[in-house]
Amino acid sequence: MFIRMFFSRWWPSLLTFAVIIYATLFPDPVWPDDAPAIPGLDKIIHAIMFGGLAGAFAFDYARKKPRQKPGRRVMVYMCLVSLAFGGLIELLQTAMHIGRSGDWCDFIADAVGVAVAFVSAPPAVAAVLRIRP
């Protein structure tokens, strides 16, 4: 019963988490060799993934606690978890020898995405779920 309730309440975060694992820990899961090179695209994708994870956490939190958007303290915890996960991914990419390498610039991009989510997720979640101040 607990597991079912957990998955029903946190499925957007869990789905985002699973997509990030697939996109970062599998050897070139979606990037064709003949794709056009766009400078910095990898960093933009990292910022979107980890900012999206923090945003998904905020959304799930607000769905779990009706009429309450995530406050600063809650967002700090969610962002720290997202950022720690980003750092862990970079370490795992280096350690797993899967043809990918960890990159501190990717981690910085993760941090930028998480910082944007820290500021933008609470009002966005409040608007989507129609939570009034």
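1. Let's start with Phe57, which sits in helix H2. Leaving aside neighbours within four places in sequence, Phe57 is in contact with Trp10, Ser13, Met78, Val81 and Ser82, where contact means heavy atoms within 4.5 Å. Phe57 is buried, with a relative accessible area of 17%. The label "buried" stands for under 20% relative accessible area, "exposed" for over 50%, and "partly exposed" for in between (1.4 Å probe, protein chains only). The C-alpha atom of Phe57 is 8.6 Å from that of Met75, and these two residues are 18 residues apart along the chain.

2. A word on what you are looking at. This is a predicted model, in which local features need pLDDT of at least 70 and side-chain atom pairs count only at pLDDT 80 or more, while totals for chains, interfaces and linings use all residues. Residues are numbered from 1 along each chain as its sequence is written, and side-chain values use heavy atoms, with hydrogens and water left out.

3. Now the overall plan. The protein chain has four helices and zero strands, and its pattern along the sequence reads α-α-α-α. Helices (H or I, at least four residues) and strands (E, at least two) are DSSP runs, numbered from the N terminus. The C-alpha atoms fill a box of roughly 45 × 35 × 25 Å, taken along the principal axes. Among contacts with a separation of 6 or more, 77% are between residues 24 or more positions apart.

4. What lies inside? The largest nonpolar core has 22 residues, and those with the most contacts inside it are Ile20, Phe50, Ala58, Met75, Met78 and Phe85. Helix H1 (2–25), H2, helix H3 (72–96) and H4 each supply at least two residues of this core, and H2 gives the most, with eight residues. A nonpolar core is a set of buried Ala, Val, Leu, Ile, Met, Phe, Trp, Tyr and Cys residues joined through side-chain atoms within 4.5 Å.

5. Leaving aside neighbours within four places in sequence, Met75 is in contact with Ala54, Ala58, Pro70, Ala117, Phe118, Ala121 and Pro122.

6. Have a look at Gln93 too, which is found in helix H3. Gln93 counts as buried, at 2% relative accessibility. Beyond its neighbours within four places in sequence, Gln93 is in contact with Thr24, Leu25, Arg100, Ser101 and Gly102.

7. Next come the charged pairs. Side chains of opposite charge can pair when their charged atoms come close. The count comes to four salt bridges, each being a side-chain nitrogen of Lys or Arg within 4 Å of a carboxyl oxygen of Asp or Glu. One of them joins Arg63 and Asp60, with the closest N and O atoms 3.5 Å apart. Both of these residues lie in helix H2, three residues apart, about one turn of the helix. Arg63 is partly exposed at 31% relative accessible area, whereas Asp60 is buried at 0%. Elsewhere, salt bridges that share partners join Asp42, Lys43, Asp103 and Asp106 into one network.

8. Which helices does the pair of Asp106 and Lys43 link? The two side chains meet in a salt bridge at 2.6 Å, N to O. Asp106 lies in helix H4 (residues 104–128) and Lys43 in helix H2 (residues 41–64), so the pair ties together parts that are 63 residues apart in sequence. Asp106 counts as buried, at 4% relative accessibility, while Lys43 is partly exposed at 27%. Lys43 also forms a salt bridge with Asp42, the closest N and O atoms being 3.1 Å apart, and Asp42 is partly exposed with a relative accessible area of 37%.

9. On to cysteines. Cys79 counts as buried at 8% relative accessibility, and Cys105 is partly exposed at 44%. The count comes to zero disulfides, a disulfide being a pair of cysteine sulfur atoms within 2.5 Å.

10. Finally, the surface. The protein chain exposes about 8600 Å², and carbon and sulfur atoms supply 70% of it; accessible areas come from the Shrake-Rupley method with a 1.4 Å probe, and for residues only the protein chains shown count as cover. Buried residues make up 32% of the 133 residues. Phe7, in helix H1, is partly exposed at 46% relative accessible area.
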